[in-house]
Amino acid sequence: MGSFWARTPPATARVAPPLLQVDNLTKTFPGVVANQDVNLTLNEGEIHCLLGENGAGKSTLVNMVFGLQQPDAGEIYIRGQRVNFRNSGDAISAGIGMVHQHFQLIPVFSVAENIILGNEITRGTFLDINTARRQISKLAERYGLTVDPDARVGDLSVGEQQRVELVKALFRDADILILDEPTAVLTPGEVDDFFAVVKSLTSQGKSIIFITHKLREVLAVAHRITVLRAGQVVGSTTVKGATQQSLANLMVGRDVVFRVEKTQANPGALALQTQGLRAHDDRGVETVTGLDVEVRAGEIFGIAGVEGNGQRELVETICGMRSASSGTVHALGQNITGWSPRKINRLGVAHIPENRSKHGVVEQYSIANNLVLNRYNHKKFSTRGVRNTAAIQAEAASLVEQFDVRTTGVQAAISTLSGGNQQKVVVARELTGHLQLLVVAQPTRGLDVGSIEFIHRKIIELRDRGVAVLLVSAELDEIISLSDRIGVLYRGRLAATINAADATREELGLLMATGSSSSTDRNQP
Amino acid sequence: MASGSSITRASGQLHRALTEIWRLQPLYVSLYAILLSFIIGGVLISLIGVNPLTAYWALLRGMAGDADRLAGSLARSVPFIGSALALAFAFRAGLFNIGAEGQLLAGGITAAYVGALSWMTNLPGILAIPAILLAGTLGGTIWGGIPGVLRTKTGAHEVISTIMLNSVVLFAARWMVGSRNPVVLRDTDSTVPRTKPISDNAVLPELVDSQPTLHVGLLALVGMCFVVAFVLNRTNFGFEIATVGLNPHAAHYAGINVNRVLVWAMAASGAFAGLAAASEISGTSGHFQPGTFFLMGFDGIAIALLARTKPVAIIAAAVLWGSMLAGAPLMQQEANMSIDVVRIIQALVLLFVAADAIVRYLFRVKDIEQNPFQTSTVGGAI
Ligand SMILES: Nc1ncnc2c1ncn2[C@@H]1O[C@H](COP(=O)(O)OP(=O)(O)OP(=O)(O)O)[C@@H](O)[C@H]1O
Ligand SMILES: [Mg+2]
């Protein structure tokens, strides 16, 4: 540990009590100590970053502060007053707001309805949706968070839903905002806007507990940093003197490689080809507008683009989850246009979906059942339609081990896993078995630096074995470091295809924003 | 206030006994709902001026006072098993099939029609009985499958379409059975509207000559519960159904044909109601009358919820339900209590099971998982 790491000083030394003080919190779940004697203080106007590996106990800690879970031992003080939250309602009344790692929105309700849920503005006995709508627009404008109050939440992209969550927390007028990985789902541009919001909030005296795995962000906004490992605080510091490497090492307990080494790609036969592909999103808007893309065996083709330029629909159309309105998809020597997801999967196409909780897992299922979600009917796992539970569990145990999923057992419900560990389950499922084409969307969303390194290695390993990889990611660093070629998706088409070796963040950023690399074209549609 | 908390403390202790001694986890809420309903029912009875113990004692003897009454109670319960299975099965796929009422009628008509066909008289029982049961099952399957198809093709919600189909088949059945001009299915020799009696070969063998007759249909439907438990908990089809029910998006992603699962779940669901109707006609009445199945489908909903949609628990819940109805007349006779008291108690049971927060609060029961694939309790095929 570096010399500047020290335990949080006892808060009693201060004159005025800190805004929030967490004292020796302990929380155990069957078989795991999620938090052990955790201490944390938050001062007014401060951004306090919580760092730690997947499963280190960050969400558990803030859930206790927000009243969603009750500590086994320890105390929480707000402005020196001991508090005992029985539920999140208590925490909200005490001026705490939270944006959760997993969305808490109701898809069939509109944005405005979601935001006022539990905070209804009434006129007489009627819900005054108009007042709410006006307030939302005002808030949205003030913090630069554009949301359409009348849109149905289920129709929104992940990034847009995240904005709704933020507005919702702000709407309730919180002094302390807890943000559990709010930037995991945002694009780089959105992240910048988001930090502008965060900074203006703190300048107005609000205080923020901020959880993220992105060390670049930590160094950019944090005032103080607390690092958790296996439920315990292993260090607490200010940003001064900290580097990405020093933070990563402290989190993981070993050296972490940020940019995975890879050899020159050795592209083979054409593995994926779309021609004139067109597809519509859920609202009926054409978002893939005549797209041609080619990926060869043994190469990683990265798709960069601002969210909403057709990434989601492209991936879903290739994997059979969405039908193309025109154009064709050829994969592994077959015309797979119009095939069912199962048939495409059987051909050797694996798919890591963008939206884990919607498509990737069944929250109520065990880890084992999630690990065989799309191959429960393989010979190995069932005989004449009857499940072979022993084989399923054996497979699950081996994958959990291989992908270092932190859990007490494969029979535990997947919802008991930390967010990052849930993602590892999806990745483990998709990267195993017979595959020749891998379609991945946001493969490392929500993962800690160590796990990202691991999954990047896995993907490169697959490429070297001759698997074709189509990688969609909002992380420019991930696109640049993993890809062999990069296509920039702009308004449903590839605006440019460049060699990853020549790509810079700046050039990609410009292409993503304007669809063209010459700045003179910038203002043209 | 103080007495209130001592009551919940006492019931909390009862709860611990049930947890640690009898291990009936998934069914606490139901057991407590029954207990609570009988207590409230008892209060009602005493308000009328009757000793609730006398009334309940009569009810109990009416339900199972001697072998004959017990057999009669069981006989009364048989069709409820089928109509409850109809709800439970669809429920796993996330569908709310409240059309068992109509599916019973559809199955009843087809069974009675096939059972009365002239060529049936030439078939040996070993063929005639399966024929009539199959006919009823098929009728129920089709009537259950239609809302499934409507749901997947047009998005029509199954709650709405099953309610409408209930009415359609009810009026169609009344007309077919009632009309003399033209004669459709009416037995013209009978003064009451009903179908022609089924052939003797198609009558299910009886187990006990009780009132009503306890017939082999009991075994068929009890067996069906175990089959359903196996299918839901141990097979790929069961896994597909549960996946669709819990997260249709993930099911689609995983390559499951969501629409096909929905249609089959509805069709299978109707099949159970159809089988129940056929076994009633073949084993008990010998002909079809629309009134026979009145409210049986809706009682099935209550029974399925009481059994927490667990197929094997449905057997117990249906037997309780059916025997309460069978035992009520003795209570009326001996304690001079209207049969409706039983209906009130049943309504309370349904209320407490549906609004289980009340029961959970009173008995301090934590929420528990329902689905067999959810956690480690796989195979807990209660
Ligand atoms: N409801 C629960 N039941 C059992 N175990 C749980 C439950 N919730 C969390 N855990 C366990 O507690 C530990 C800490 O989880 P937590 O969600 O706090 O991690 P985290 O630091 O937020 O990780 P991530 O970065 O992946 O989100 C993990 O081992 C997790 O499996
Ligand atoms: Mg977390």
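1. By class, the shell around ligand 1 has 5 nonpolar, 13 polar and 2 charged residues (Ala, Val, Leu, Ile, Met, Phe, Trp, Tyr, Cys and Pro count as nonpolar, Asp, Glu, Lys and Arg as charged, and the others, Gly among them, as polar). This is a predicted model, in which local features need pLDDT of at least 70, side-chain atom pairs count only at pLDDT 80 or more, and totals for chains, interfaces and linings use all residues. Residues are numbered from 1 along each chain as its sequence is written, while chains are lettered from A and ligands numbered from 1 in the order in which they are written.

2. There are 20 residues around ligand 1, and A:Phe29, A:Asn54, A:Ser59, A:Ser418 and A:Gly420 come nearest (near: C-beta atom, placed from the backbone, within 6 Å). Strand E2 (32-42), helix H1 (58-65) and helix H14 (419-430) of chain A each supply at least two residues of this shell (DSSP runs, with helices H or I of at least four residues and strands E of at least two, numbered from the N terminus).

3. Ligand 1 lies between domain 1 (1-95 + 175-182 + 202-256) and domain 4 (356-433) of chain A, because both give residues to its shell; the domain bounds come from an automatic or database domain assignment.

4. Chain A gives 26 residues and chain B 21 residues to their contact (C-beta atoms, placed from the backbone, within 7 Å). On the side of chain A that touches chain B, helix H10 (341-347), helix H11 (356-360) and strand E20 (386-387) each supply at least two residues. That side has 10 nonpolar, 13 polar and 3 charged residues.

Note on methods. Two residues are in contact if their C-beta atoms, placed from the backbone, lie within 7 Å.
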